Amino acid sequence: MFSCKEEGEYHSITDKIEAEQKPYHGKLTSEELLADTQLIKITEGEHIFLIPERKGQIKSFACIECHSKPLAQMRGLDGKKAHWDIKLNHANSETMNCATCHNPDDMNNLKTLTGQNVDLNLSYKVCAQCHSSQFEDWKGGAHGKKVAGWTPPRASMTCVNCHNPHSPSFETRWPVQFNTQKAIERKDDLDH
Amino acid sequence: MSDNKKWYTLDLGLNKKEETSGSCGCGKSQGSCNSHKEEEKEEEISHEEFYEAAINASIGEERSKDGFEQVFDVKMDRRTAFKKLTASLLIGAGAISSCTSVVNADSKEKAQIDWEEQFKGNYKLMIDEEKQGTVDRLMRSYELRTGKNISMTSENAEEDVLFGYAFNISKCQGYMNCVSACVEENNQDRNSEMQYIRIHEMKDGEGFKFDKADDNYYHEVPKEDHFYMGTQCFHCDNPPCVEVCPVQATWKEDDGLVVIDYDWCVGCRYCMAACPYDGRRFNWSKPEVPENEINKNQHYLGNRMRKKGVMEKCTFCVQRTRKGKNPACVEACPTGARIFGNLLDPNSTIRWVLENKKVFRLKEDLGTDPKFWYFMD
Amino acid sequence: MGVFKILKSLVIDSLDTITKGSVKYHIWMGVLTLVMLIGMYCYSIQLDQGLSVTGMSDRVSWGLYISNFTFLVGVAAAAVMLVMPTYVLKDIDFKQAVLIGEGLAVAALIMCLAFVVADMGGPSVLWHMIPGIGVFNFPNSMLTWDVIVLNGYLFINISIPFYILFRHYQGKEAKKKIYVPGAVLSVFWAVGIHLVTAFLYQGLQARPFWNNALLGPRFLASAFAAGPALIILVLAVIRSFTAFKIPDKTIKKIAMIVTVAAQINLIMLVSELFKEFYAPTHHSESAYYLFFGLHGKDALLPWIWTAIPLNVLATIILTFGKFRNNLKILYTCCFFLFVAIWIEKGFGLIVPGFIPGPYGKIVEYLPTGIEVGVTIGIWALGAFVFTILAKTAIGIELGELRYEKKKSSTL
């Protein structure tokens with residue numbers, strides 16, 4: 001009864017949502033906000049949305065400019081080791097190495113566990129093989145971030161926009177804020 | 001202007017000025033103005049002096065303060081209130097007979113704006129034209145005082161939009177980027193370090209023990225065996241703060257945002273006592289933001305400059321969200337713990353979260369119906 | 001025409017009365033004026049710098065001002081305890097005390113309004129609250145109800161005594177047909193003002209300490225103890241400083257009211273304490289903070305542990321007729337009770353409502369010097385107003401001020 005005092009019509013916010021819902025086609029869109037971003041439309045099950053294009057962002061693409069031969073044939077040659085700075089910190093070394101995701105026979109592409117080629121723009125398909133629950137959440141929009149605003153069209157960041165695929169977990173760091181006034185007000189210890 | 005205006009107008013002759021073609025604002029045609037110049041000169045000066053004195057009496061020391069203070073902090077105690085009343089009569093009398101000169105047009109305009117702002121109506125009840133009027137005055141006023149421009153808008157709620165928010169407690173790492181982004185976006189007072197968002201650091205296995213949680217930690221995060229939970233204004237669908245406001249200075253907009261008209265608030269802080277979520281903040285002294293840090297993209301109901309003695313709160317960044325953007329906290333979050341969107345759109349991601357994740361809200365037993373849900377992976 | 005002439009004469013006469021008096025009277029008024037000036041100075045600082053000069057914060061957002069406001073509403077409401085028997089039940093003993101009681105109500109209401117204004121962040125836009133010009137959120141906001149009932153009560157309490165005094169000033173009897181309906185109305189109204197003020201807090205689901213059905217009734221009980229207690233003290237002062245005759249019988253009857261109200265108040269206190277401490281829940285934390293301190297924060301302990309013993313002691317002593325009828329003991333008990341309830345209904349009620357905060361955070365509250373200055377200033381204002389009202393009323397009642405008398409003397 002209390003919650004009906006003002007609204008009159010609805011008992012709760014869920015009732016209201018149910019009664020008034022309707023796909024949004026209003027004047028607000030994210031088109032303008034997305035204008036500067038290269039996007040790719042993907043379809044995953046019932047979800048259709050945009051993700052940022054990736055290959056254009058990778059400085060040393062295309063990979064075959066160096067990796068001119070399949071990896072097996074290049075191995076053992078002397079010369080400067082490329083990607084020396086990449087330390088793989090993803091699962092453990094028994095589970096994963098470079099070739100778990102990169103196709104050693106076609107360096108411009110990633111690969112699935114069964115050896116199917118995956119375009120670098122669609123790298124989420126590689127991640128989704130193991131991280132299935134995250135994938136489900138991401139498709140729905142519960143995991144990850146939007147590229148621009150809340151308005152349609154939906155453009156979501158893909159896995160590698162936030163996670164470094166070679167070391168996907170977030171690092172510990174210091175918070176960007178400390179409220180000194182709050183500490184004084186509560187007479188807390190200032191040196192935490 | 002419409003006939004049923006909701007504020008009281010003081011006409012200093014500025015409106016007339018626009019109709020005349022000449023640069024002289026005396027309201028006469030150019031030729032006759034020049035021809036009468038000699039005769040009128042003496043009288044004109046006395047008018048100006050009278051004018052200046054009257055305005056000084058009415059607004060007093062406000063005018064001598066630095067620009068910024070004047071616009072946003074028109075103070076009045078009982079003493080000056082009385083002075084103002086008498087002085088306003090003087091101005092009224094002066095306005096009829098006076099002949100505007102170009103030299104003091106600016107100060108007159110300032111006085112006119114101050115007057116109209118002091119006695120304008122409640123934003124909630126204004127028609128669009130009046131909303132535009134007050135926004136224009138505030139922008140012009142800022143320009144007159146500081147010589148700089150701000151952009152302020154007054155967009156109304158969009159149709160078929162109801163804003164909602166979801167917070168993933170298993171994702172938040174306690175970096176507090178949201179808090180910083182919020183302070184910068186919303187021009188919050190730097191002196192008192194006002195913040196709308198609080199991030200509570202809670203121990204795993206203890207449940208939601210807010211009283212044991214630390215919302216002002218400073219150590220490397222995420223801390224082992226801890227999780228983080230953010231709170232801010234939840235924009236309740238049945239907001240107790242709105243119920244209790246004696247002057248309807250705070251209300252729920254059609255898109256679900258609970259907003260405040262800073263100029264209508266009387267500062268009784270009843271809403272603050274009524275809020276079960278610590279969602280409201282009060283300006284105990286004059287809020288200050290360094291000029292170079294001011295966010296100049298403003299909305300009347302959002303991040304425009306506040307004055308002392310009024311309430312303020314999170315508006316889901318109305319200045320951004322009504323243009324289709326996400327709130328600053330959502331954009332700043334590095335972990336994607338914050339989901340924002342349109343609850344009425346069945347295709348929105350927020351709706352997917354509500355329908356597919358195990359969501360809950362805080363203090364649901366109070367019947368406030370917040371539009372801010374928590375969920376876990 | 002004639003009425004205005006009499007009115008003019010009354011104003012002149014009363015001005016004459018209040019500016020003349022003994023040396024003690026002048027010292028009293030002088031001190032009050034000085035304190036008021038100090039209060040105004042403190043208030044001007046608060047106006048200039050904002051409410052940050054007070055001890056209040058986002059956590060404890062109401063403090064000394066609202067505490068005093070709440071208490072004084074009770075004092076104002078208590079005037080009805082005297083009005084009821086006199087006008088309605090025709091109990092003659094109270095008649096002289098009534099004018100004093102209603103004068104006290106007027107002074108208390110003026111203080112209430114002053115405290116509310118002092119607490120406002122934007123006193124310059126208070127016109128937003130005036131119905132018609134501003135926007136009045138009626139009936140949703142209990143604060144608007146409070147504004148209505150307080151001002152209405154002020155009006156009633158000014159007009160009834162004014163009518164009676166105005167008639168007496170002319171040497172005529174006041175017509176019962178005119179003032180009795182007003183008096184009856186004021187009886188209900190007095191209960192209304194205190195109940196509405198209690199609802200102000202009681203209606204907040206955010207504050208479990210206040211959101212409790214006993215709050216309103218307890219407000220009434222404590223008010224009907226503290227208000228008449230103050231009236232007894234004031235009557236005692238008037239008795240010893242003026243020629244105004246107040247029989248012992250009157251004071252003893254008021255003492256009876258004080259006793260019963262204090263007893264009921266104590267029963268309710270026990271009930272509240274039982275609920276909070278027998279089966280404590282999360283919602284009992286405010287009570288724990290108030291009585292025992294929480295997480296090492298215990299600023300209110302000295303206050304509440306002064307109030308509770310005083311309250312219990314005074315109530316027990318008053319219960320025994322032998323002690324109650326001894327005027328010295330009675331005055332002491334009334335003073336104890338007044339102080340105890342001032343603490344309990346002020347500090348002990350408003351501040352712990354905010355502690356701990358909605359998320360369990362504790363920020364303690366202690367008023368600053370400026371806050372105390374403004375508060376004392378407003379109390380001085382109340383005393384000043386009351387003195388003026390009482391002096392005029394006593395003058396008229398004693399027959400020193402008479403329209404006819406003056407006319408004949410000037411002729």
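Which residues in α7(C) meet which residues in α8(C)?

1. This is a predicted model, in which local features need pLDDT of at least 70, side-chain atom pairs count only at pLDDT 80 or more, and totals for chains, interfaces and linings use all residues. Residues are numbered from 1 along each chain as its sequence is written, while chains are lettered from A and ligands numbered from 1 in the order in which they are written.

2. From α7(C), C:Val191, C:His194, C:Leu195, C:Thr197, C:Ala198, C:Phe199, C:Tyr201 and C:Gln202 meet C:Leu215, C:Gly216, C:Phe219, C:Leu220 and C:Ala223 of α8(C). Two residues are in contact if their C-beta atoms, placed from the backbone, lie within 7 Å. Sorted by class, this contact has nine nonpolar, four polar and no charged residues. Ala, Val, Leu, Ile, Met, Phe, Trp, Tyr, Cys and Pro count as nonpolar, Asp, Glu, Lys and Arg as charged, and the others, Gly among them, as polar.

3. Helices α7 (residues 176-202) and α8 (residues 215-241) of chain C pack at an angle of about 135 degrees, their axes 8 Å apart. Axes are lines fitted to C-alpha atoms, for helices over the stretch in contact, and angles run from 0 to 180 degrees between N-to-C directions. α7(C) and α8(C) are therefore oblique to each other (under 35 degrees is roughly parallel, over 145 roughly antiparallel, 65 to 115 roughly perpendicular, the rest oblique). Helices (H or I, at least four residues) and strands (E, at least two) are DSSP runs, numbered from the N terminus.

4. The contact between chains B and C takes 40 residues from chain B and 35 residues from chain C. On the side of chain B that touches chain C, α10(B) gives the largest share, four residues. That side has 24 nonpolar, seven polar and nine charged residues.

5. Leaving aside neighbours within four places in sequence, C:Leu337 is in contact with residues including C:Ala225, C:Val258 and C:Asn311.
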